[in-house]
Amino acid sequence: MRIPFELAETLAVVVDEGTLDAAARRLHVTPSAVSQRVKALEEQLGRLVLVRSKPVRATEAGAAVIRLARQMALLEHDALADLGAEDDETALTTVPLAVNADSLATWFLEPLARLAERHPVVFDLHRDDQDFTAGLLESGTVMGAVTSRSAPVAGCRSSPLGAMRYEAVATPAYAERWLEGDRRTALASAPLVDFDRRDDLQNEWLAQQGVDPAHPPRHYVPASNDFATAVRLGFGWAMLPRFQSHDALDRGELVLLGGPPVDVALHWQQWNLRSPLLDAIADAVVAEGRRVLAPA
């Protein structure tokens, strides 16, 4: 059995775009042609590769095909580079990567910008919690990921980056209003800011202070820069990486609430595929992470 590259590539585009119509526009064919290619792939494999929901999503078999398509596209790029075709700046290779929100908002983009100056590449960034980005590697959605998972995903290799160090901060006015008197009692009723309902950093710090995390009221602000802004505006206290708090701390706009910092160890995982482009991405990301992050 063989999997034609055109069919695998079509499936990957369909899942990336979310609909057959959007995939057709990107591939410059009709939606009917896209549907026929997907059907031909399913008939050839003898199993479904696509759940036709809104947006569409890959089945387990489809995820394996998408992973193959992305690997083939990467190898094609490397082969063209060896042949000197990399000088064609109109032929840009798309590299999907996954990263947690705080890394994306602070240190992750700079090494990618330097790479984009030297290589004909565009990046398709998927933002998710560091505890869940490894799942995007497993599904074949991305080629590399910043993740809290140290054990390599099957078919991948893992490199330590360092630790994102978080400290509890608030505005002086907030601390004066909400945190006077017995600190443990005050924290049980003082509003805090969570990124989303999977964010457990504030809960971890509260537990260290002997406070039941179920008690405090919460704001939810699911964007890293807006999250930091909400803290600076006095919505509540939160755990911020020093990247986002040091200027405001120096100006006295924020104050540390004390207690030990919470360190989140980060790792770079990528497909265990020998590719000059993917290796260049890994080298740049790992070097930057080890330069700016705290020792894990």
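Predicted model: local features only at pLDDT ≥ 70, side-chain atom pairs only at ≥ 80, totals over all residues.
Helix α1, formed by residues 5-17, packs against helix α2, formed by residues 20-27, at an angle of about 120°. The axes of the two helices lie 8 Å apart. The angle makes α1 oblique to α2, and the crossing of the pair is right-handed. On the α1 side, the contact is made by T10, V13, V14, D16 and E17. On the α2 side, the contributing residues are L20, A22, A23, R26 and L27. By residue class, this contact consists of six nonpolar, three charged and one polar.

R37 is located in helix α3, which spans residues 31-45. The relative accessible area of R37 is 17%, so R37 is classed as buried, the cut-off being under 20%. When neighbours within four places in sequence are left aside, R37 is in contact with E6, L7, T10, L27 and V29. Among these, T10 and L27 also take part in the contact between α1 and α2.

Two features of the backbone were noted in loops. Most residues other than glycine have a negative phi, and most peptide bonds are trans. H28 is not a glycine, yet has a positive phi of about 60°. This residue is found in the loop between α2 and α3. With a relative accessible area of 72%, H28 is exposed. The peptide bond joining K54 and P55 is cis, with omega at about -5°. P55 lies in the loop that runs between strands β1 (50-51) and β2 (57-58).

How values were computed. Residues numbered from 1 in each chain as written. Heavy atoms only, no water. Axes fitted to C-alpha atoms, helices over the stretch in contact; angles between N-to-C directions. Helix = DSSP H or I, 4+ residues; strand = E, 2+ residues; numbered from the N terminus. Parallel < 35°, antiparallel > 145°, perpendicular 65-115°, else oblique. Left-handed = near helix turned anticlockwise from the far one by under 90°. Contact = heavy atoms within 4.5 Å. Nonpolar A, V, L, I, M, F, W, Y, C, P; charged D, E, K, R; others polar. Buried < 20%, exposed > 50% of the residue type's maximum accessible area, 1.4 Å probe, protein only.
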